[in-house]
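The exercises below are meant for a reader who is meeting this structure for the first time. Please look through the sequence and the model, and try each task before reading its solution.

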Amino acid sequence: WSFLPDQAVITNIDEDHLDFYKDIEDIENAFKRFANLVPQEGCVYGCGDDKRVYRLLESLTCRTCSYGLEPQNVIRAEDVYFDEMDRASFTVTYFGHPLVEIELSVPGKHNLLDALAVVAVANNSQLPMNVVARALHDFNGVQRRYELTSVTDGVMDMVDKSLAAHELIKVKFNEYKDEKVELTNEICTKCDATLVRIIGNIAILYKEAEKPEEQQGLHGRVH
């Protein structure tokens, strides 16, 4: 592995990318190896509605926090309401106690679960819940991966800006599939990024964000 996370979120463990992994057991083992990169003082968050994820959390020695809709989770969404556009409003509870009211602007149950993950991380990082609620309400969605159809200066600029904003991104090769290794190396060289892994036609790239000299924001730690 090319990076060592202090915290990690695992949303689900499914039979995916079987062109790379042998079977679901191989996939589960890969997630366990990843989760074990988190140090004792860190925390792994996982969607406890997924039985494989919940089982993984129970096997770890570092701190963990489950989230979801089902009663076994530490962080839960209760009193869930979906409007006519399938946007969720709900109360987030922590060990059964109300924590924050959330109203999303993006539709679907998957976004509800992702919002719970955000709240779980923010809560353990001691961030203000009113700020978290406002940020989640203002979030209107992003493209999940960057689809590479041609390698131009514009593409390089987009990838570089994306790495600066997010550190870890996926680049999908719709074309140039046979040259993806060579092109990925070229992108990494020009963008000063690190290749984490190539899975099928998707390259996962990482670039550590530059730290501003004067940073007055919140620096959350899990206690």
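**Exercise 1.** Is the crossing of H3 and H4 right-handed or left-handed? Describe how the two helices are placed, and name the residues that join them.

*Solution.* The model is a predicted one, and every step below rests on it. Two packed helices are described by the angle between their axes and the distance between the axes. Begin with these two values: the axes of helix H3, residues 109-124, and helix H4, residues 129-138, come within 10 Å and cross at roughly 155 degrees. Angles over 145 degrees count as roughly antiparallel, and H3 and H4 are therefore roughly antiparallel to each other. As for the hand, the crossing of H3 and H4 is right-handed. The contact is made on the H3 side by Ala-115, Val-118, Val-119, Ala-122 and Asn-123, and on the H4 side by Met-129, Val-132 and Leu-136. Sorted by class, this contact of H3 with H4 has seven nonpolar residues, one polar residue and no charged residues.

**Exercise 2.** Is Asn-123 buried or exposed? Find its place in the structure and list what it touches.

*Solution.* First, locate the residue: Asn-123 belongs to helix H3. Next, consider its accessibility, which is 18% in relative terms; because buried means under 20%, Asn-123 counts as buried. Finally, look at its surroundings: leaving aside residues up to four places away in sequence, Asn-123 touches Ile-75, Tyr-94, Leu-99 and Met-129. Met-129 is also one of the H4 residues in the contact with H3.

**Exercise 3.** How many salt bridges does the count come to? Work through some of them, saying where the partners lie and how accessible they are.

*Solution.* The count comes to five salt bridges, and among them are the pairs taken up here.

- Step one: Arg-55 and Glu-28 meet through their side chains in a salt bridge, with 2.9 Å from N to O. Arg-55 lies in helix H2 (residues 51-59) and Glu-28 in helix H1 (residues 24-35), so the pair ties together parts that are 27 residues apart in sequence. Arg-55 is partly exposed, its relative accessible area being 45%, and Glu-28, at 21%, counts as partly exposed too.
- Step two: Asp-83 forms a salt bridge with Arg-87, and their closest N and O atoms are 2.9 Å apart. Arg-87 counts as partly exposed at 26% relative accessibility.
- Step three: the side chains of Glu-186 and Lys-190 meet in a salt bridge of 3.2 Å, N to O. Both residues lie in helix H6 (residues 180-191), where they are four residues apart, about one turn of the helix. Glu-186 is partly exposed, with a relative accessible area of 30%, whereas Lys-190, at 55%, counts as exposed.

**Exercise 4.** In which helix is Glu-25 found, and how far is Glu-25 from Glu-15 in space?

*Solution.* Glu-25 is found in helix H1, the helix that also holds Glu-28. With a relative accessible area of 52%, Glu-25 is exposed. Glu-25 and Glu-15 are 10 residues apart in sequence, and their C-alpha atoms are 9.1 Å apart in space.

Key:
Residues are numbered from 1 along each chain as its sequence is written. This is a predicted model: local features need pLDDT of at least 70, side-chain atom pairs count only at pLDDT 80 or more; totals for chains, interfaces and linings use all residues. Side-chain values use heavy atoms; hydrogens and water are left out. Axes are lines fitted to C-alpha atoms, for helices over the stretch in contact, and angles run from 0 to 180 degrees between N-to-C directions. Angles under 35 degrees count as roughly parallel, over 145 as roughly antiparallel, 65 to 115 as roughly perpendicular and the rest as oblique. A crossing is left-handed if the near helix is turned anticlockwise from the far one by less than a right angle, and right-handed if clockwise. Contact means heavy atoms within 4.5 Å. Ala, Val, Leu, Ile, Met, Phe, Trp, Tyr, Cys and Pro count as nonpolar, Asp, Glu, Lys and Arg as charged, and the others, Gly among them, as polar. A salt bridge is a side-chain nitrogen of Lys or Arg within 4 Å of a carboxyl oxygen of Asp or Glu. Buried means under 20% relative accessible area, exposed over 50%, partly exposed in between (1.4 Å probe, protein chains only).
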